[in-house]
Amino acid sequence: MPDLPSHARVVIIGGGIVGCSVAYHLAKRGCKDVLLLERRQLTCGTTWHAAGLVGQLRATRNLTRLAQYTTQLYQRLERETGQATGFRQVGSIAVAASEARFQELKRGASMARSFGLEVQILSPDAARERWPLLSTDGLVGAVFLPKDGRTNPVDTTQALARGARSAGVRIVENLKVTGIRSARGRVSGVATEAGEVRADAVVNCAGLWAREVGAWAGVSVPLHAAEHFYIVTEPIAGLAPDLPVLRDADARSYFKEDTGKLLVGWFEPEAKPWGWQGIPENFAFEHLPADLGHIEPLFAAAMRRVPALESAGVQVFFNGPESFTPDDRYLLGEAPELRGLYVAAGFNSIGIQSAGGAGKVLADWILDGHPPFDLWDVDIRRCAPFQRNRRYLRERTVETLGLLYAMHWPYRQAESARGVRKSVVHDRLAAAGACFGEVAGYERANWFATGGAEPRYAYSYGRQNWFEHSAGEHRAVRERVGLFDQSSFAKFALLGPDAAAVLGRICANEVDVPVGRIVYTQWLNERGGIEADLTVTREAEDAYLVVTSCATQTRDFSWLCRSIPAEARAVALDVSPAYAVLGLMGPQSRELLATLTDADLSNAAFPFATSQVIDLGYARVRACRITYVGELGYELYIPTDFAQSVYDLIVGAGAAYGLRLAGYHALDSLRMERGYRHWGHDISDEDTPLEAGLQFAVAWDKPGGFVGRETLVRQREAGVRRRLVALALERADLLLYHSEPIWRNGELVGAISSGAFGHTLGRSLGLGYVANGGAPVSAEWITAGEYQVEIASERIPARVSLQPFFDPAGERVRR
């Protein structure tokens with residue numbers, strides 16, 4: 001047994017490429033008191049058999065930044081450490097065998113340009129010039145990214161390990177960690193077969209074993225292994241060593257030159273989960289059993305795209321496990337359940353191309369106490385606690401592996417492991433024609449099928465089959481009244497004599513308000529970034545109700561709990577399941593509600609941004625006059641066991657007022673017309689209220705200040721360098737989704753953060769940040785420009801405004 005130190009500043013569990021990258025980057029930051037523990041040998045488990053593809057274009061700007069950094073790191077790593085890595089920047093080609101796929105690739109090309117990536121759109125013949133073995137039969141077009149590459153996963157990991165060791169990191173192989181120690185809500189060390197090691201931070205980089213390792217400390221790490229198949233051919237004559245990586249997502253195949261041979265792998269639509277009963281104790285560098293029948297149809301498709309495979313012998317048929325998460329995005333960051341325990345796992349077959357960037361930002365997170373920029377897409381706090389459920393993970397993994405090469409349709413919904421969390425009126429909504437989407441396992445009505453239509457998505461990049469149904473819901477809310485089921489809201493109670501003082505420090509707005517007032521506010525970090533966007537209702541002198549998004553429930557509750565000082569007389573409770581929420585919205589909502597309650601709903605007695613407990617039917621209901629759609633309306637917080645009777649009462653009385661059930665697609669289009677921000681798209685922890693146009697929600701001079709105030713004051717004095725604006729396309733036949741580049745006077749100045757069609761205005765709308773090359777962004781500079789938005793490599797004229805295009809003064813919500 002090795003002689004272990006009694007203490008290390010950071011202990012890393014797992015010696016794959018990600019664990020070695022975290023160690024390397026900690027050392028680069030000057031943190032050398034690092035101990036990496038590997039149960040067997042470096043790269044065992046998953047890293048050793050990875051294909052080694054290094055792509056740079058990811059789904060969002062910041063994930064692309066991480067992938068770009070990985071490429072830059074691998075370019076210099078061999079020179080820096082003296083360890084060969086096998087990295088070659090050969091580029092990559094993605095081909096399209098349908099117009100829909102080509103539209104996806106062209107949209108991706110536009111997004112790549114906004115991220116600063118070099119990208120070329122190719123004809124099928126031009127793609128074959130770069131990849132001579134390619135059959136162009138059925139191809140529509142292709143995209144070429146010249147800076148993509150490939151690397152040897154084992155050698156690259158060894159180079160990272162050598163760099164870490166040379167800086168003072170200690171790496172111990174063949175030593176199993178057996179437990180994680182904690183005290184007073186914080187990690188305190190690890191237990192191993194050679195004894196215990198105290199630590200200030202522990203990093204779970206255990207790959208296939210990360211779920212079980214997390215469970216030692218009560219931490220949810222939702223991932224599950226799936227079998228991943230590839231072959232390596234016999235040598236093929238004339239195969240150029242600098243051949244780009246080829247991806248044919250329609251054939252579910254990728255192709256990589258490998259020392260004169262071809263490595264061909266697949267991401268099939270129905271995967272084979274592995275390790276359901278646990279991973280064998282001795283598993284390290286083993287192959288899984290071959291399954292030719294499972295992969296045969298995909299092999300045939302690959303041969304049609306690269307006919308040379310028909311005559312090439314197969315040297316290796318490989319099957320090995322890869323870890324997949326419920327949403328195909330990896331898990332990174334500090335666990336919400338335990339301070340000081342960090343996770344970097346579940347890389348969904350993109351671990352090699354993600355390892356450099358993930359290791360760097362996690363090292364920064366550990367040493368600085370916060371992520372270096374917005375990492376919400378991969379933040380482990382996005383996960384719901386139930387998602388560690390083994391059966392759920394197994395069933396979802398059947399689908400998630402194949403999603404890597406499936407069409408990435410707008411609004412695409414998962415099809416597996418559904419029906420996990422439901423509102424108490426779910427069955428009533430289903431009977432009324434609801435088509436449900438899923439957020440954090442919660443089934444939510446996205447739209448309602450009418451006129452005998454089937455409540456099922458038919459996806460496209462244009463107007464999907466629900467477009468007109470949702471348009472009707474949208475118009476009903478604008479013109480009459482609509483009813484939304486918003487029960488998925490996360491709801492927290494903060495109770496105690498110090499509740500006002502605690503929230504006053506957390507919230508940027510003033511929350512020491514009279515009982516019954518509702519406050520729209522942001523929670524900021526010390527850098528002025530928006531950690532949460534929510535409402536706070538004062539229910540009593542010592543009681544507040546905090547309402548936020550279902551998607552951020554874990555994140556926001558963790559932030560709230562960690563912001564309560566140890567000496568404060570306040571306690572936070574997650575009361576989300578206790579209340580259903582029905583949103584009654586529209587100009588006739590007051591008239592309808594007045595027939596069901598004896599409460600005075602007049603503007604004088606019940607003004608905007610106030611809350612009252614009223615009688616509604618046989619129930620006592622908290623009615624909150626607040627809106628996310630830009631109309632007069634009420635969010636009704638109903639004890640769950642009363643919700644069905646209240647729903648039936650409203651629907652029954654609603655016919656006389658033209659009431660229509662409405663879903664989240666209508667909610668989105670309504671909020672877009674009014675310019676309401678969406679956390680996770682339009683605002684994040686690296687966007688400030690000044691940049692986002694939310695300065696009206698900042699109480700600059702309230703007693704005691706608030707977290708982030710000093711940064712905002714400095715920014716207010718200096719002026720913002722970027723600003724969120726509203727955009728409206730001049731063409732109504734095209735749709736905005738996200739990440740479309742924004743051009744001003746022929747220069748790239750930003751990208752769309754979210755988009756939807758505004759049915760009241762009859763045009764596509766978006767929100768997005770624009771920047772002036774590092775100079776302050778003024779209202780005059782914004783309005784002086786001529787703007788275009790790039791969609792699938794075509795630039796479309798657009799209008800830009802600092803005010804919403806609909807009801808800019810907000811008069812409708814106060815009438």
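Helix 1 is covered by several parts of the chain, including strand 1 (7–13), strand 2 (34–37), helix 2 (61–81), helix 5 (153–166), strand 19 (341–345) and helix 8 (351–368), which pack over its buried residues. The model is predicted. The structure holds 51 salt bridges. Its largest nonpolar core has 50 residues.

**Helix 1**

- Helix 1 runs over residues 17–28 and has twelve residues.
- The helix reaches 16 Å from its first C-alpha to its last, close to the 16 Å expected at 1.5 Å a residue.
- Eleven of its twelve residues are buried, so helix 1 is largely enclosed by the rest of the structure.
- The buried residues are Ile17, Val18, Gly19, Cys20, Ser21, Val22, Ala23, Tyr24, His25, Leu26 and Ala27.
- Gly30 follows helix 1 and has a positive phi, near 95°.

**Nonpolar cores**

- In soluble globular proteins, nonpolar side chains tend to be buried together.
- In the largest nonpolar core, Val10, Ile12, Leu26, Tyr330, Leu332, Leu362 and Ile366 touch the most other members.
- At least two residues of this core come from each of strand 1, helix 1, strand 2, helix 2, helix 5, strand 11 (195–204), strand 19 and helix 8.
- Helix 8 gives the most to this core, with nine residues.
- Another core, of 35 residues, lies apart from it; Leu208, Trp209, Phe283 and Ala335 are among its members.
- Ile366 touches Val10, Leu26, Ala201, Val203 and Tyr342, not counting residues up to four places away in sequence.

**Helix 16**

- Helix 16 spans residues 664–674, and ten of its eleven residues are buried, so it is largely enclosed by the rest of the structure.
- Its buried residues are Tyr664, His665, Ala666, Leu667, Ser669, Leu670, Arg671, Met672, Glu673 and Arg674.
- These buried residues pack against strand 21 (442–448), helix 11, strand 22 (482–485), strand 32 (660–662), strand 35 (747–758) and strand 36 (763–771).
- Gly675 comes after helix 16, with a positive phi near 75°.

- Glu473 lies in helix 11 (residues 467–479).
- Glu473 counts as buried because its relative accessibility is 1%, and buried means under 20%.
- Leaving aside neighbours within four places in sequence, Glu473 is in contact with Asn446, Trp447, Phe448, Arg660, Leu661, Ala662, Gly663 and Ala666.
- Glu473 and Phe144 are 329 residues apart in sequence and 42 Å apart in space, C-alpha to C-alpha.
- Leu331 is found in strand 18 (residues 331–334).
- Leu331 counts as buried, at 0% relative accessibility.
- Leu331 and Val378 are 47 residues apart along the chain, with their C-alpha atoms separated by 5.3 Å.
- Leaving aside neighbours within four places in sequence, the contacts of Leu331 include Val221, Pro222, Leu223, Val343, Ala344, Val378 and Ile380.

**Salt bridges**

- Side chains of opposite charge can pair when their charged atoms come close.
- Glu740 and Arg107 meet in a salt bridge through their side chains (3.2 Å, N to O).
- This pair links distant parts of the chain, 633 residues apart: Glu740 is in the loop between strand 33 (722–729) and strand 34 (741–744), and Arg107 is in helix 3 (residues 99–114).
- Both Glu740 and Arg107 are buried.
- Glu196 forms a salt bridge with Arg181, and their closest N and O atoms are 2.9 Å apart.
- Glu196 lies in strand 11 and Arg181 in strand 9 (residues 177–183), so the pair ties together parts that are 15 residues apart in sequence.
- Arg181 counts as partly exposed, at 35% relative accessibility.
- Asp682 forms a salt bridge with Arg671, with the closest N and O atoms 2.8 Å apart.
- Asp682 sits in the loop between helix 16 and helix 17 (709–718), eleven residues from Arg671 in helix 16.
- Both Asp682 and Arg671 are buried.
- A network of salt bridges links Asp379, Arg381, Glu531, Arg555 and Asp685.

**A surface patch**

- Leu495, Val571 and Leu573 make a nonpolar surface patch of about 210 Å².
- Val571 is found in strand 27 (residues 571–574).
- Val571 is partly exposed, with a relative accessible area of 41%.

How values were computed. Residues numbered from 1 in each chain as written. Predicted model: local features only at pLDDT ≥ 70, side-chain atom pairs only at ≥ 80, totals over all residues. Heavy atoms only, no water. Helix = DSSP H or I, 4+ residues; strand = E, 2+ residues; numbered from the N terminus. Expected span 1.5 Å × (residues − 1). Buried < 20%, exposed > 50% of the residue type's maximum accessible area, 1.4 Å probe, protein only. Contact = heavy atoms within 4.5 Å. Patch = residues over 30% accessible without salt bridge, like charges linked within 9 Å, V, L, I, M, F, W, Y side chains within 5 Å. Areas by Shrake-Rupley, 256 points an atom, 1.4 Å probe, with all protein chains shown as cover. Salt bridge = Lys/Arg side-chain N within 4 Å of Asp/Glu carboxyl O. Core = buried A, V, L, I, M, F, W, Y, C linked by side-chain atoms within 4.5 Å.
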